[in-house]
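Work through these exercises with the structure open beside you. Try each task before reading its solution.

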Amino acid sequence: MQLRFWDTDGNWQRTAWRWLIAVAMAAACPGLVAQSPDQHPNDLTGKAISEIRFRGVEGKTNDPLTEYVALKPGDTFETDKVSASIKALFASGKFSNIRAEVDETPDGRVVLTFTLEEKYFIGEIDLDGRDKGPPTLRQLLNATKLELGRPHSEVEVKRAIEQMTRVMEDNGYYKSSITCVRTPHASSRQMGILFHLKPGAQARVGKVEVTGDSGFTAAEVESIAKIKPGSRVLAANTTRALERLRKKYQKRSRLEAQVSLARKVFHPENNTVDYAFTVDRGPKVSIELEGAKLHEWQIKRYVPVFEENAADDDLLNEGTRNLRDYFQSQGYFDVKVRYDRNRDGGNSRLSIVYNVDLGERHKLQTVQVEGNKYFPTDAIKERLSLVPASYLNVYGKFSQTLMARDVQAITSLYKTNGFLDVNVKADVDDNYLGTPGLLRVVFHIDEGQQSRVHKLTLIGNLAMPTDQLSSQISLSDAQPYSDYAASSDRDQVVSYYYNRGFPNMDMQVTAIPFNGDKYSVDVTYDIREGSRVFVDRVYVSGLHYTRPGVVQRRLRIHDGDSLSQVDMLDTQRQLYDLGLFSEVNVAVQDPEGTAAQKNVLFQLAEAKRWTFNYGLGFEFSTGSAPVTSGSTPTPQGPTGWSPRVSFEVTRLNFGGRDHTIVMKARYGRLEQRGLISYEAPRLFAKENWRLTLSTFYDNSADVRTFTAQRLEGSIQAEEVVSKTLTMLYRFSYRRVNVDPTTLAIDPNLIPLYSRPARIGMPSITFVYDRRDDPIDAHKGMYTTADFGVAGSFFGSESNFGRVLLQNSSYYQFGAKKYVFARSTRIGAESPFQNSQIVPLPERFYAGGGNSLRGFSINQAGPRDQLTGFPVGGNALFVNNLELRLPPPTLPYVQDNLSFVVFHDMGNVFDTVSHLTKGIFRLHQQSIEACSQPGTQVPCNYNYLEQAIGLGVRYRTPVGPVRFDLGYALNPVRYPILDTNKNESTQRVNVFFSIGQTF
């Protein structure tokens, strides 16, 4: 005998009623159904189940189906438990149809069989056949609204095709056709969906009609909108056409102009689209101020009707607020602004007048805090929006709105620390020190009594021990209590559970006064864990060129792991960090199902393997102008600028790995460079190792004494030892050729310095970085140490050792508004064996915007006695001090502009011994002798040149743009025997570049 309890559409209730009705009819009409004892379902009730079978399950899964069945072999057969089992199987989300059948065995026992039809879920989604140009692949796939991991549906696929067809039509492809090929994967129960697109011919613009009061002829509208008959139909062109028309009316002060596309009509016979625009130019709008004066461009900036091309009340009210804020920034703290609209009878003109009552001008002299005991005054003031007047912000920053906001900020600070009854009031003294208009704001704080936790109790945590959860909880016995802290604890605990596979976890917080004392509360965290979910399988799709092993090594979630949101997001981030993928989508298969085992899907879109970048820039500084034909070379060179043109080609995914080949070229008046590099991260399959092979050609003229051509190849291994420590192991092999025609030194020395030098040098570099921000540090320390040896045993023609040390530190003070930055560099190199000198291009040079701002570029150190040109040295000392001031709030630039006061001290020395002798010397010893024209006395350059200066920094997304003005306090004097005169280095030097000095 066989009984069926479930039909194919999954409606168990309807099937049960049908079954009951059939049984009732059979009982009432015994002639309709042949009666036999073994056909009545009640005959099986109570009989023992010998076996439970599952039929139709093809997918591989770690999720045991028996856990969903309320019956087990040996149990007695009960129809209610069969129904409950079917409900649980459906709730798992794995099946679309379920049928239960029972068979009676000869020995009177029951075999229960569940026939299952598994669901398919959306796996990889892709599209082919698209031509270049709009719409993009991402626009089409986004239009499908198909979500990775969701159940596959024929209806949704048809809807996806319709939506993509509309996108194609918007871009002129009215004759396109889209078909779909679905590939089921039984093992994973995923449905791969591939759309085939045949775009057909792109339609062209037919007629363009304009209705309404446009004020233009049809030909003028076509010219303005740039939509002309015969042009391609594109959605972007239509959008831009409407924008151009609106901007045209905006320029004519018609801010209420209405422009819309009324209809598009497609003509299949000639594949054209007719456009019909509806235009109402509206009144001419004028905006004026009464009671105050502003330039027209300022009005356009603060009243947003010009940006939005509308003059509704919301935008005019926003303009009121912007104008009020502006005048308050100018010291008119009591300013009142309102507007009136005046429209003429024919609706041809609309006049908007802002009436400004400036009131008296004030100056916020001081902001004080009283009554605070728990928090120090500095901790409170750093949260305030009110800013007292300063040398850059003459009137300070004050308004009633800002003051109310500060009151709320202080109140929130106290309440989050348990002071639930805190009361904060702000008093304004408008006659401070007896001076009318001089303001003093005093915040009076009545802290009240602090609430504390009497006892904290956790209940309901069965899967997670209390000691594990304690690290996620900030509250504890005797700690200050606040709703904010309890809410924060709840978020932390919920996140902790979510990341360990408990997606339905919840936690309720209750706080009850202990013995009626509202300042002492018993807190209970009631945890409701729910069921735990594990990863069944992890599937990755979308790989065409990338080797699977590259992706597998970046996965942070694996088969059998807890379903962790953090691990999935971390995997997504790791895959993005490879730089190989333009898109990484992650989803849980059937997220709404109750299955204890779920698949995790990653669909990847590989990025373009070839990218091309180019750029144009310049630098401006003293001593940067190169020598040109017909000009007389001078040791320091005039102030000038150097253009830079760069070009870069990058090849990603080389060999199917996350390896990259980069080819760069840069051309400027000071330097021409070509570089080819090969980068292989994760050397030795280690995350903290990176291998770089590079070769480059460099023709540099930044040292005015000579022009050097360098051809170099190097191999470098980088090891990230810890978050703060990095080691670089490098071997470089280079040949440097000094052009003898450019050597501006004693001719007797040219044969010595112009010889090509082949240098083979292994080196090791330590980098210790504890800065908070490498681009614009405010605190921390940065230390580097570089050691290298060039010797004949490495194939070098010159033997010398080299050491370069740098240490920088950053300190915040004054409520963390000021930054004191310090950097010290010390370098030393020395020849050994049969080498007597270090090759000229290998010497140390200093001077410029990144080292000593008292010198022009590379002008520090010893000089040739005959020509006065710098020749570098074997030792280096540079010390930079900067006081970085807090950015003031200024009109237009807001808080993006800041100032720096600096002091630079240092020099380049010809030998290490001269460095030790001159490091404490602040004046040039032989300055009198070097000041005599034609002197034959060797000049002594072994002292520390000093400079002070002022810098300006403007914050941008790529780092601060800086302008530095340096003034040398003790410039170098040197003779030039060629011309029988003497000179000194420039006192004033200017530099313009990007990024902080150090």
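The exercises below use a predicted model and go from ring pairs to cores, backbone and sheet.

**Exercise 1. Classify the ring pair F54 and F114, and state where its two residues sit.**

Step 1. Take the geometry. The ring centres of F54 and F114 are 5.8 Å apart, with 20 degrees between the planes.
Step 2. Apply the cut-offs. Centres within 6.5 Å make a pair, and planes under 30 degrees apart count as stacked. F54 and F114 therefore form a stacked pair.
Step 3. Place the residues. F54 belongs to strand β2 (residues 49-55) and F114 to strand β4 (residues 110-118). They are 60 residues apart, so the pair links distant parts of the chain.
Step 4. Check accessibility. F54 is partly exposed, at 26% relative accessibility. F114 is buried, at 0%.

**Exercise 2. Which class does the pair Y497 and F502 fall into?**

Step 1. The centres lie 5.2 Å apart and the planes meet at 80 degrees.
Step 2. Planes over 60 degrees apart count as edge-to-face. The pair of Y497 and F502 is therefore edge-to-face.
Step 3. Y497 and F502 are both buried.
Step 4. Widen the view. The model has 20 aromatic pairs. Y374, F375, Y414 and F419 form one aromatic cluster.

**Exercise 3. Which ring faces do R673 and R853 lie over, and at what distance from the ring centre?**

Step 1. R673 lies over the face of F696, at 4.9 Å from the ring centre.
Step 2. R853 lies over the face of F902, at 3.8 Å from the ring centre.

**Exercise 4. Describe the largest nonpolar core.**

Step 1. Count. The core holds 26 residues.
Step 2. Find the residues with the most contacts inside it. They are I287, V305, L323, F327 and Y354.
Step 3. The most comes from α9, with five residues.
Step 4. Inspect V305. Leaving aside residues up to four places away in sequence, V305 touches L255, I287, A310, A311, L315 and L316.
Step 5. Note a second, separate core. It has 22 residues, among them L384, Y414, L439 and I445.

**Exercise 5. Locate the backbone features at P135, K145 and N653.**

Step 1. Recall the background. Most residues other than glycine have a negative phi, and most peptide bonds are trans.
Step 2. Look at P134 and P135. A cis peptide bond joins them, with omega about 0 degrees. P135 lies in the loop between β5 (121-128) and α3 (137-144).
Step 3. Look at K145. Its phi is positive, near 60 degrees. The residue lies in the loop between α3 and α4 (154-170). K145 is exposed, with a relative accessible area of 62%.
Step 4. Look at N653. Its phi is also positive, near 55 degrees. N653 lies in the loop between β24 (640-651) and β25 (660-668). At 3% relative accessibility, N653 is buried.

**Exercise 6. What is the strand order of the open sheet that contains β14, β15 and β16?**

Step 1. The order is β14-β16-β15, with mixed pairing.
Step 2. β14 (363-370) and β15 (423-429) are the edge strands, each pairing on one side only.
Step 3. β14 and β16 (residues 438-446) pair in the parallel sense over seven bridges. V367 stands opposite V441 in β16.
Step 4. The twist averages 15 degrees from one strand to the next.
Step 5. α11 (residues 400-415) lies across β15 and β16, at about 25 degrees to β16.

Conventions:
Residues are numbered from 1 along each chain as its sequence is written. This is a predicted model: local features need pLDDT of at least 70, side-chain atom pairs count only at pLDDT 80 or more; totals for chains, interfaces and linings use all residues. Side-chain values use heavy atoms; hydrogens and water are left out. Rings of Phe, Tyr and Trp (its six-membered ring) pair if their centres lie within 6.5 Å; planes under 30 degrees apart count as stacked, over 60 as edge-to-face and the rest as tilted. Helices (H or I, at least four residues) and strands (E, at least two) are DSSP runs, numbered from the N terminus. Buried means under 20% relative accessible area, exposed over 50%, partly exposed in between (1.4 Å probe, protein chains only). A charge sits over a ring if NZ of Lys or CZ of Arg is within 6 Å of the ring centre and within 35 degrees of the ring normal. A nonpolar core is a set of buried Ala, Val, Leu, Ile, Met, Phe, Trp, Tyr and Cys residues joined through side-chain atoms within 4.5 Å. Contact means heavy atoms within 4.5 Å. Two strands pair if DSSP finds at least two bridges between them. Axes are lines fitted to C-alpha atoms, for helices over the stretch in contact, and angles run from 0 to 180 degrees between N-to-C directions.
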